[in-house]
Amino acid sequence: MKKEIKTQIERKKRERINYKWIIKIVIATFIISLLFSLLSETVIRDVNVYIAIIILIVIISIGILFDMIGVAVTAADIEPFHSMSSRKVNGAKIAVNFKKNADKVSSFCNDVIGDICGIISGTVGVTIALSLTKVLNIPLLISSLIVTSLIASLTIGGKAIFKSVAINKSNEILYEFAKIINMFKKQK
């Protein structure tokens, strides 16, 4: 009887909407998006088309990488990290925290970073399309269709490939990500 009540209480806690988290993530998204947009707008405006393409590939790659991390955190098993954490293995405690908060980590990685990268890659794509129109003397419609189609196919194709990797190597990816975060945490 007590176990049933405890289970029901735990289920209700999970079902609650965490408005504090939502407000934090909205504010974080606004700030990160503002910074990324400012950076990309100021950098892209003054570079040639080849550098802009490299920047675009980097932005798409960041989106794919964070999508992979978000999926890996969701798919990973927590048990090995508990064991590693009890042995004080570097980064294991952070991996446990990420796994316990998989919904938030996944939301941040997949939605916040992924969507921001998608929006900014579109902005960079417009700049590239305008440059290609001038350099190749082709209509803007043609260059923008080609650029946006390439961006969409690279992003979706990359995410599809790395989702499989994330599911199959979820524990390894989570652990490597946790070790990287741990390095920054120690520098404080």
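**Fold, cysteines and aromatic pairs in an all-helix model**

The model is predicted.

The overall dimensions were computed next. Along the principal axes, the C-alpha atoms fill a box of roughly 75 × 35 × 35 Å. Of the 188 residues, 32% are buried. The chain exposes about 12,500 Å². Carbon and sulfur atoms supply 67% of that area. Contacts were also sorted by separation in sequence. Among those with a separation of 6 or more, 78% join residues 24 or more positions apart.

The cysteines were then examined. A search of the whole structure finds zero disulfides. A disulfide needs two cysteine sulfur atoms within 2.5 Å. For cysteine 109, the closest cysteine sulfur belongs to cysteine 117 and is 11 Å away, so the gap is too far for a bond. The search from cysteine 117 leads back to cysteine 109, again at 11 Å and too far for a bond. Cysteine 109 is buried, at 2% relative accessibility. Cysteine 117 is buried too, with a relative accessible area of 3%.

Aromatic rings came next. A pair of aromatic rings is described by the distance of the centres and the angle of the planes. The structure holds three aromatic pairs. One of them joins phenylalanine 98 and phenylalanine 177, with ring centres 5.4 Å apart and planes at 25 degrees. Planes under 30 degrees apart count as stacked, so this pair is stacked. The pair links distant parts of the chain. Phenylalanine 98 sits in helix 5 (residues 92-100), and phenylalanine 177 sits in helix 8 (residues 170-186). The two lie 79 residues apart in the chain. Both phenylalanine 98 and phenylalanine 177 are buried. Ring pairs also bring in Phe66, which forms a cluster with Phe98 and Phe177.

At 2% relative accessibility, serine 121 is buried. A polar atom of its side chain lies 2.8 Å from the backbone oxygen of glycine 118. Leaving aside residues up to four places away in sequence, serine 121 touches Leu56, Ile59, Ile60 and Ile151.

Definitions and conventions: Residues numbered from 1 in each chain as written. Predicted model: local features only at pLDDT ≥ 70, side-chain atom pairs only at ≥ 80, totals over all residues. Heavy atoms only, no water. Buried < 20%, exposed > 50% of the residue type's maximum accessible area, 1.4 Å probe, protein only. Phe/Tyr/Trp six-rings, centres within 6.5 Å; stacked < 30°, edge-to-face > 60°. Helix = DSSP H or I, 4+ residues; strand = E, 2+ residues; numbered from the N terminus. Polar contact = N/O pair within 3.5 Å; in protein donor to acceptor, adjacent residues only side chain to side chain. Contact = heavy atoms within 4.5 Å. Areas by Shrake-Rupley, 256 points an atom, 1.4 Å probe, with all protein chains shown as cover.
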